[in-house]
Amino acid sequence: MTATLDRPSSAAAGTPVWTIGAPRLLAGLDRFPVIDYPTHLAVHGPMPGSDLERVLTQLDGVGLAGRGGAGFPLAAKLRAMPAHGRRRVVVNGTESEPASRKDRVLLTRAPHLVLDGALAVATALGAAGTTVAVHDEAVATALRAAVAQRPDRVDVVVVPGGFVSGEARAVIRSLDGGPALPPGRRTPPTEHGDLLANAETFAQVAVLLRLGWRRFAETGTHHEPGTTLLTVGGAVGRPGVVELPLGTPLGIVLAAAQAAVAQAVVIGGYHGAWHPPIPRITLDRAGVASAGGSFGAGVLLVVDEQTCALGELAVATRWLADQSAAQCGPCRFGLPALADDVHQLYRGAPNAVEIAFRHVRAVSGRGACAHPDGAARFVTSALHMLQDEIEQHAHAGTCGRPVLNRLGVTA
Amino acid sequence: MRLEIDWTRCDGSGLCAELLAERITRDEWGYPLIADSRVAEDDRSARRAVAACPALALRLAHA
């Protein structure tokens, strides 16, 4: 059994966008399918100057954290850049998280916000070049058209690969002509003069530099000011990419998304975690962390009562195993073993839970990148949540429900 | 210092687990499980194991 990603090749073309509260990144997308450069300037106004001191003051003012999943403070990356030698700004637009669409929406429909932010950081750092790395040819085409509308030089590069190829150091390695794989040594890209951040992060920089940190912080939480993009999917009436204030309660988002009655929600995507649909969980990094999960790159998937959750987990775990780059032994052998365990649970085999937890421990903390740890978190959280389903499958062989593929990958 | 494994290099030969049996065991596929990665500066057996790793995957890292 292999699992394949059910993702439209036409990038973000068919992805609806909507907002809770006032839009910032998505401003204008209710009126324009694509925001070209003149429209961008009319919607957002001119970009202010960006010397390093001003950029750092603004970033520090709101503690702007990366929006690619790790949540690392952007100002700390800028400060870690070497004072001398080649410096390059890299926009990670690969968005390899399977359920996420937010970076594709930004790069294809509001590309100039991302470019503004990247070019501002490049100016502040005195960087020699600015590069956007993407996985999809369609995104690259849209982005090159946007770059051609501006007086600036930006390289758009299509880098190959799957989930782990979107990891920061894998992207850098690929841009430099190497394989699109995470390297064995955990050295940060800044050590070699690369300032890499996720596409949404640079769009947030463009908003921040225009608004100034005080106005930027008028929405969101005290510790995590501003808005965030969230890709909403699964059993919802209004799937799509949503902009909302950080700290918005899950219950508000589920109601606005017209979610079906949920048995579980997956927050953070395939390196995130399964949660009971508790309405008061707040959607910010601290809120999801205190619920035992990870906000990740901003994904919310609804697993409704109509689908077999254990079957959904089996398909997702197989997909995670297939995404291993097979570089590191524990991930190469451990994740397929774990996928087999979950499939056995789905088939109703007794005692597979203990073996599954043993294989979770066998992959945790034992790889060159975050994939084994992220996969382990995803599966562990689900196994804890689905104890009744596991018992039901062990007792009757099935829960009687079909697998409706709510998580975006299909068997 | 700390014992570190470059997982992209390790092929599970198991030599480290033989040389450092008191701190390294192997998982079901043969890959090393390090019980305690902290190493004293004068730990000659750890240095010997690092030098012997056929895949150059076992390392001593500072901090």
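**Close-up views of a predicted model**

**View 1. Helix α15 over the sheet of chain A.** Helix α15 (residues 371–385) of chain A lies across β10 (262–267) and β11 of chain A. The helix runs at about 25° to β11(A). Contact means C-beta atoms, placed from the backbone, within 7 Å. Helices (H or I, at least four residues) and strands (E, at least two) are DSSP runs, numbered from the N terminus. Axes are lines fitted to C-alpha atoms, for helices over the stretch in contact; angles run from 0 to 180 degrees between N-to-C directions. This is a predicted model: local features need pLDDT of at least 70, side-chain atom pairs count only at pLDDT 80 or more, and totals for chains, interfaces and linings use all residues. Residues are numbered from 1 along each chain as its sequence is written, while chains are lettered from A and ligands numbered from 1 in the order in which they are written.

**View 2. The open sheet of six strands in chain A.** Its order is β2-β8-β7-β13-β10-β11, with mixed pairing. Strands pair if DSSP finds at least two bridges between them. β2 (17–19) and β11 (273–275) of chain A are the edge strands, each pairing on one side only. Strands β7 (residues 227–234) and β13 (residues 299–304) of chain A run parallel, joined by four bridges. Thr231(A) has Val299(A) as its bridge partner in β13(A).

**View 3. Helices α4 and α5 of chain A.** Helix α4 (residues 102–109) and helix α5 (residues 111–125) of chain A pack at about 90°, axes 5 Å apart. α4(A) and α5(A) are therefore roughly perpendicular (65 to 115 degrees). Leu106(A), Leu107(A) and Thr108(A) of α4(A) meet Pro111(A), Leu113(A) and Val114(A) of α5(A) in this contact.

How values were computed. Contact = placed C-beta atoms within 7 Å. Parallel < 35°, antiparallel > 145°, perpendicular 65-115°, else oblique.
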